[in-house]
Amino acid sequence: MIIHSIFFYFFSIIAIFSSLMVITSRNTINSVFFLILDFISVGCLFIMVGAEFLGMIILIVYVGAVAVLFLFVVMMLNVAEQKNSWFTGKETKHIHSGLIVGNLVLLELLVVVGGWKYKDDLMSSSTLVLSNTSNTHQLGLVMYTDYILYFQLAGIILLLSMIGAILLTFRERVGVKRQSYINQISRNPSSAIELKDVESNKGVKIDD
Amino acid sequence: MLEYIQILGQEIYRILFLLVPILVSVAMIVWLDRRVWGLVQKRRGPNVVGPFGLFQTLADALKYIFKEIIIPASANKVVFILAPIITMTLALVAWAVIPMSEELVLSDINVGILYLFAVSSLGVYGIIMGGWASNSKYPFLGAIRSAAQMVSYEVSIGIIIINVLLCVGSLNLKDIVIAQNDLWFVIPLFPMFVVFFISALAETNRPPFDLPEAEAELVAGYQTEYSGMMYAMFWLGEYANILLMCAMGSILFLGGWLPIIDIYPLNLVPSPIWMILKILFLFFLFALIKAIVPRYRYDQLMKLGWKIFLPFSLIYLVLTASFLFYFDKLPKGNF
């Protein structure tokens, strides 16, 4: 058990330290790297409590896809040095909105944690049996039976956000010639080449 | 306390027993790659150093070790040095879960295939960090290309893995191999095998998808500013990743350590030999494709990933699921 707690404290100290570094680091790129470190150590904590499926999903989804896109955007925008950090004492105008959002998130967390003991009244799970099966099986058993509505709802929210993102960036361009593989492959010499006798000093009109 | 030290020693011994053969085989595989490439083009390939040129890679590695490591003055030094280390480490840690036979596996975890998928999706960090930290145009363009490419093709690899998992009913790599005892998944899921193979080419930045390092456009892509041992680490990591993808393909589709048919002379051959033969077969295909296929254009690459592979593997997933459901062949898990 000693080894277990040593590893637990190791990962949790790294998680807390890196999450602090995310918001205090001056260099935006370093912030993203610390965010990745934070995700990884939280994933390790999940694995340590036996939720290996969730830990791996955190690694795949957050570290493997979301954080890559973060890093991508930050590198592309080239906003390396953050001059107006709030701890340097200078006034910024983002601090108010940041405080409001932060307080809302804190409030939501308090509601969720406070309502934990009433969760049996809100939603009941019938099929969850604690046995020796792996937690992937147990997650599947509960997620597709008792929580199927919430699962579908999450899917619809993701779909909506995807449609919104596409709609925001979509613009129809006119006059763009598109490459069509079928047209290219189905061309043959008889349809692509036309031989003409050109009279001297007359020339020939080429359409298109 | 002494007990812990003993466990630690045993584990280190087992890890070394896994890592040293992998590093040696990576060196051999580089030689094989160049030989196959040469033979396709009617050249001899490396054949001077040692018997059949087998020690060519060792000679190259020695050369890299004694070369100077140059760090550009405007580079971000920490990230610049970290990038090849991350590439190499990620390529090697994934081997911990690869089963070479029923007993011969370093760590037999419940979510083995997810672990493999996670580690291979982290591989993009080495490239993107190296490209950014070089603080130079070509490496940065290469890194951006590579990140977009790897994220795109991971999606279809993930769906292919779900296809296989539907037939197995477990995330454990051993269970996946044992489930293929009667029929390798390459037969019912052949289209998925083809898509997996092409996606693996894109995931490891191999030709015809080697746009991140397209020498005609980007010098050498993200590796442009690297020299000496750091370049060699990128290079080793890349080949270890290719081997890993071959191992993943042979576990998912070619029945891992199982013999071709379970009859008398064939099932006497030890299981690791079968596994190695299958990995080598897939790698031979990788090497052949490098020699015979021209490079894709970038928009064609993206179109292939998102508009062809992703819908196709999704449709095949629905087909597989419906087939298994209606013929009542869904795997019954042990719970």
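Visitor: With how many C-beta neighbours inside 10 Å does B:Asn135 stand, and as what does B:Asn135 count?

Guide: The general idea is a neighbour count: a residue is buried if 20 or more other C-beta atoms, placed from the backbone, lie within 10 Å of its own, exposed if 12 or fewer, and partly exposed in between. B:Asn135 has 16 such neighbours inside 10 Å, and therefore counts as partly exposed. This is a predicted model, in which local features need pLDDT of at least 70 and side-chain atom pairs count only at pLDDT 80 or more, while totals for chains, interfaces and linings use all residues. Residues are numbered from 1 along each chain as its sequence is written, and chains are lettered from A and ligands numbered from 1 in the order in which they are written.

Visitor: Where is the place of B:Asn135 in chain B?

Guide: B:Asn135 belongs to the loop between helix 5 (124-133) and helix 6 of chain B, where helices are DSSP runs of H or I with at least four residues, strands are runs of E with at least two, and both are numbered from the N terminus. Although B:Asn135 is not a glycine, its phi is positive, at about 55°.

Visitor: What is the phi of B:Lys42 near?

Guide: As background, most residues other than glycine have a negative phi, and most peptide bonds are trans. B:Lys42, which is not a glycine, has a positive phi near 60°, and this residue sits in the loop between helix 1 (2-40) and helix 2 (56-66) of chain B. B:Lys42 is exposed because 6 other C-beta atoms lie within 10 Å.

Visitor: Is the peptide bond from B:Pro207 to B:Pro208 cis or trans?

Guide: The bond from B:Pro207 to B:Pro208 is cis, with omega near 5°, and B:Pro208 lies in the loop between helix 8 (190-203) and helix 9 of chain B. Helix 9 of chain B, residues 215-218, holds B:Ala216, which counts as exposed because it has 6 C-beta neighbours inside 10 Å. Between the C-alpha atoms of B:Ala216 and B:Ile308, which are 92 residues apart along the chain, the separation is 27 Å.

Visitor: At roughly what angle do the axes of helix 6 of chain B and helix 8 of chain B cross?

Guide: Two packed helices are described by the angle between their axes and the distance between the axes. Here the axes are lines fitted to C-alpha atoms over the stretch in contact, with angles from 0 to 180 degrees between N-to-C directions. For helix 6 and helix 8 of chain B, the axes come within 9 Å and cross at roughly 150°, and the two helices are therefore roughly antiparallel (angles over 145 degrees) to each other. Residues are in contact if their C-beta atoms, placed from the backbone, lie within 7 Å; this contact includes B:Tyr153, B:Ile157 and B:Ile160 of helix 6 of chain B together with B:Val195, B:Phe196 and B:Ser199 of helix 8 of chain B.

Visitor: Which are the buried residues of helix 8 of chain B?

Guide: Among them are B:Met192, B:Phe193, B:Val195, B:Phe196 and B:Ser199, and what covers the buried residues of this helix includes helix 4 (112-122), helix 6, helix 10 (228-252), helix 11 (271-292) and helix 12 of chain B.

Visitor: At roughly what angle do the axes of helix 6 of chain B and helix 12 of chain B cross?

Guide: The axes of helix 6 (residues 137-168) and helix 12 (residues 298-326) of chain B come within 9 Å and cross at roughly 10°, and the two are therefore roughly parallel (angles under 35 degrees) to each other.

Visitor: How many residues does the contact take from chain A and from chain B?

Guide: The contact takes 16 residues from chain A and 18 residues from chain B. On the chain A side, helix 3 (52-77) and helix 6 (135-143) each supply at least two residues, and helix 3 of chain A gives the most, with twelve. Chain A has nine helices and zero strands, and 13% of its 208 residues count as buried. Helix 4 (residues 94-114) of chain A reaches 30 Å over its 21 residues, close to the 30 Å expected; the number of those residues that are buried is zero, so the helix lies largely in the open.

Technical notes:
Angles under 35 degrees count as roughly parallel, over 145 as roughly antiparallel, 65 to 115 as roughly perpendicular and the rest as oblique. Two residues are in contact if their C-beta atoms, placed from the backbone, lie within 7 Å. The expected span of a helix is 1.5 Å times one less than its number of residues.
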